[in-house]
Amino acid sequence: MHIDVLTLFPEMFASPLSHSIVKRALEKAKLSIELIDFRKFCTDKHKQVDDYPFGGAPGMVIKPEPIFRAVDYLKEERKNILGHKPFPLVYLTPQGETYSQQIAKEFSEMDYLALLCGHYKDVDYRVREHLVMKEISIGNYVLSGGELPAMVIIDTVARLQQGVLTNIESAYSDSFQTDSLDGPYYTRPREYRGYSVPDVLISGNHKKIEEWQQKKRNEFTERMKK
Ligand code: ADE
């Protein structure tokens, strides 16, 4: 799978892309990512990406030109992967549909995805009307830009690529994809600062342990629904 990220702050991605499972996905060529600084697509001398909103409002709005031109460029560059499919541009905004494991799975099954990170107040609405295919929010709060949400999408999608997770890691994620949550885990030492591991886990009684684990999974799942 290939993901293009359209951003004004490509340097923000350096660390999240160079550790752990995302790093592994990139190294195994299960995923490739290109960071596109769309400021480069401005045609004016000062490469100014933003301007005041018409009608007056506080804050600045990203101009349509650099985004439309960046997308023109990408449509041409990615013709071989895209074929005749519409350009799958996803805009990260708190006004979008709330991201979920279900959407992550849908994205992970695509060969190509383009993520548009906004900044400042918003992007010019014509971008949203005429270029964007889907708008995604990662939760009901306002971040300074779409970069962190784009990293969330990249992480979730990277771990769903075939051959990225080990069997044990996948088994863990599979339980996450069902409607039930995992329960608590403990490791050594049996007692730490006076806090001990539940007796049942060291009882050696596998039936009792399994019942206890199932009970905890149910409790955690119920708690999430509240
Ligand atoms: N941009 C700013 N806040 C956001 C959020 N919560 N989700 C997605 N994109 C955003």
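## A walk through the sheets and salt bridges

Let's start with a charged pair: Asp124 and Arg126 form a salt bridge, with their closest N and O atoms 2.7 Å apart. A salt bridge here is a side-chain nitrogen of Lys or Arg within 4 Å of a carboxyl oxygen of Asp or Glu. Asp124 is buried, with a relative accessible area of 15%, whereas Arg126 is partly exposed at 43%. For these words, buried means under 20% relative accessible area, exposed means over 50%, and partly exposed is in between (1.4 Å probe, protein chains only). Salt bridges with shared partners also join Asp4, Glu34 and Arg78 into one network.

Before going on, a word about the model: it is predicted, so local features need pLDDT of at least 70 and side-chain atom pairs count only at pLDDT 80 or more, while totals for chains, interfaces and linings use all residues. Residues are numbered from 1 along each chain as its sequence is written, and side-chain values use heavy atoms, with hydrogens and water left out.

Now for the sheets. Five strands make an open sheet in the order E2-E1-E6-E5-E8, with parallel pairing. Strand E2 (32-37) and strand E8 (134-137) sit at the edges with a single partner strand each, so one side of each has no neighbour in the sheet. From one strand to the next, the twist averages 35°. Strands (E, at least two residues) and helices (H or I, at least four) are DSSP runs numbered from the N terminus, and two strands pair if DSSP finds at least two bridges between them.

You can follow the pairing strand by strand. Strand E1 (residues 2-7) and strand E6 (residues 112-117) pair in the parallel sense over five bridges. Asp4, which belongs to the salt-bridge network with Glu34 and Arg78, has Ala114 as its bridge partner in E6. E5 and E6 are also parallel, paired over four bridges, and here Leu92 stands opposite Cys117 in E6. E5 and E8 pair in the parallel sense over five bridges.

Helices come next. Helix H2 (residues 64-77) lies across E1, E2, strand E5 (89-98) and E6, and runs at about 160° to E1. Helix H6 (residues 147-158) packs on the sheet too, touching E1, E2, E5, E6 and E8, and its direction makes about 160° with that of E6. Contact means heavy atoms within 4.5 Å; axes are lines fitted to C-alpha atoms, for helices over the stretch in contact, and angles run from 0 to 180 degrees between N-to-C directions.

Phe9 lies in the loop between E1 and helix H1 (20-27). Leaving aside residues up to four places away in sequence, Phe9 touches His119 and Glu147. Phe9 is partly exposed, with a relative accessible area of 27%.

Strand E4 (residues 61-62) pairs with E7 in the parallel sense over two bridges, with Val61 opposite Asp122 in E7.

Back to charges: the structure holds 14 salt bridges. One of them joins the side chains of Glu169 and Arg24 (2.8 Å, N to O). Glu169 is in helix H7 and Arg24 in helix H1, 145 residues apart, so this pair links distant parts of the chain. Both are partly exposed, Glu169 at 23% relative accessible area and Arg24 at 25%.Finally, take a look at Asp182, in the loop between helix H7 (167-177) and strand E9 (191-192). Asp182 is buried yet has no salt bridge, and the nearest side chain of opposite charge, Arg217, is 5.0 Å away. In this count, Lys and Arg are positive and Asp and Glu negative, while His and the chain ends are not counted. What does the side chain of Asp182 make a polar contact with? Its partner is the side chain of Tyr185, at 3.0 Å. A polar contact is a pair of N or O atoms within 3.5 Å; within protein, one must be able to donate a hydrogen and the other to accept it, and residues adjacent in sequence count only if both atoms are side-chain atoms.
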